[in-house]
Amino acid sequence: MNIVGWFTDPTHWSGPDGVPTRVLEQLYYSVLALLVAVVIAVPIGALVGHTGRGGFLIVGLANWLRSLPDFGLLILLVLLAGVHLIPVMVALLVLAIPPLLAGTYAGVSNVDRSVVDAARGVGMRERDVLLRVEIPNALPLLLGGLRAATLQVIATTAIAAYVGYGGLGRYLIDGLHRHIYVEMAAGAVLVAILALVVEGILAAVQRAVVSPGLRPTDSRARPPSEPKNEPTRADAPDRPNPDMAGVT
Amino acid sequence: MIWGWIPRNGALIVGLLGEHLILSLLPVLIGLVLAVPLGWLASRSKAARAVLIPSAGVLYTIPSLVLFIVLPVILGTRILDPVNVVVALAIYTVALLVRSVADALAAVPAMVVAAATAMGFRPTRRFVSVEFPLAVPVLIAGLRVATVSNISLVSVGAAIGVGGLGQLFTDGFDRSFPTEIVTGIVLSMLLALVADALLVSLGRIATPWSQVCARAGRAA
């Protein structure tokens, strides 16, 4: 059976091992983890970026957690706590929070100081300065962090099949164990398509919500308002351009 | 934790550590060698940029487990061949660095390039001794991300049987033995942190003028 045969076989499109079920499982874990991560990381990152206090902690934590092997973490958690929602969520959160935190923090703290001063100058309260000036200006980096987190989460959810979770990774792992190469290949294609579609959607969202005035950020040199107190970090990868914040 | 397990299996652990080091750092070298010319091309030609940068983004989006499984078909290798892991990680490294190199070269001030040209530098020598050195800080930043994420990603290869320290994860899982997994995690993180620190020092050595500027800034 070749891969086209696999995809056109109706038995692969229904039941608990069907493609729709596996896609939904995959999305369930990924979306839930990302939502929780956004709720935790964005307010903290924004607050730290706004006040300018504790930034080194966030950059340090993000760099440190990036070196954590997610596969090992997931296996350890499942071994200690069993196959249910909590271990996989903890593993996914540990992955998703650092890029989001770093992206939000870098975005907010890199907003041009003169823009922030102007906002204060026209009488905005601190809350409005953050919500209506700093956050909108931080969106390119914030969403860059979200895209990096999303990639990580989708990839790691696929690996979670190894320790017994559902999702599209099941085809990869089951195919591997049963020596059915076509099933592995089909799973690989499905995971890759899912990752690319989600990335495409997020890129479109980014284009839609980021102010046109901020558009050429991708190739722009680092803004002059870069915090001066971190000379060794000035070249550090704490500025998560979507391609730079780590993969799985 | 059963501490006694670690010295009893010292030889195994050191062997896996070495394998992990090769599987994660060889791709960084290969990726660097490929990314510099590609990034140069992308910084020169709009057309090359329009092709290279989006393709790098797409390659980077593909999860590692998928690449480990698909590459044997494309390369004609066996699924357990370590070459699959090396090629997959080299692809990620190139994808990440092409963009860094292109952006860094594009950000070299036009005045600097013009000054070098006026001093009689030919394009090749100008690239080697002016433009490339100025791109080093960004390149090092990219290399740090690539190296640290490669070291973490090698472990995923253990799911298909080739994964350096990742084999401690799968083996520890099969035997329900957390000590083995924790050992693997700690060593993998240490490896990443040491490699990262070495790259930071390398960046300092390669850009002596940045130290001079920093000192001058403090003095002034």
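Reply: The largest nonpolar core has 126 residues, a core being a set of buried Ala, Val, Leu, Ile, Met, Phe, Trp, Tyr and Cys residues joined through C-beta atoms within 7 Å. Buried here stands for 20 or more other C-beta atoms within 10 Å of the residue's own, with C-beta atoms placed from the backbone. Leu74(A), Ile75(A), Ala96(A), Ile159(A), Leu172(A), Leu65(B) and Val98(B) have the most contacts inside this core. Its largest share, 16 residues, comes from H5(B); helices are DSSP runs (H or I, at least four residues) numbered from the N terminus.

This is a predicted model, where local features need pLDDT of at least 70 and side-chain atom pairs count only at pLDDT 80 or more, while totals for chains, interfaces and linings use all residues. Residues are numbered from 1 along each chain as its sequence is written, and chains are lettered from A and ligands numbered from 1 in the order in which they are written.

Leaving aside residues up to four places away in sequence, Ala96(A) touches Ala33(A), Leu34(A), Ala37(A), Ala149(A), Gln152(A) and Val153(A). Contact is again a C-beta criterion, within 7 Å with the atoms placed from the backbone.

Between the chains, 51 residues of chain B are in contact with 42 residues of chain A. Helix H5 (82-106) is among the elements that give two or more residues to chain B's side, as are helix H7 (123-154) and helix H9 (178-206). That side has 36 nonpolar, twelve polar and three charged residues, where Ala, Val, Leu, Ile, Met, Phe, Trp, Tyr, Cys and Pro count as nonpolar, Asp, Glu, Lys and Arg as charged, and the others, Gly among them, as polar.

How values were computed:
Two residues are in contact if their C-beta atoms, placed from the backbone, lie within 7 Å. A residue is buried if 20 or more other C-beta atoms lie within 10 Å of its own, exposed if 12 or fewer, and partly exposed in between; C-beta atoms are placed from the backbone.
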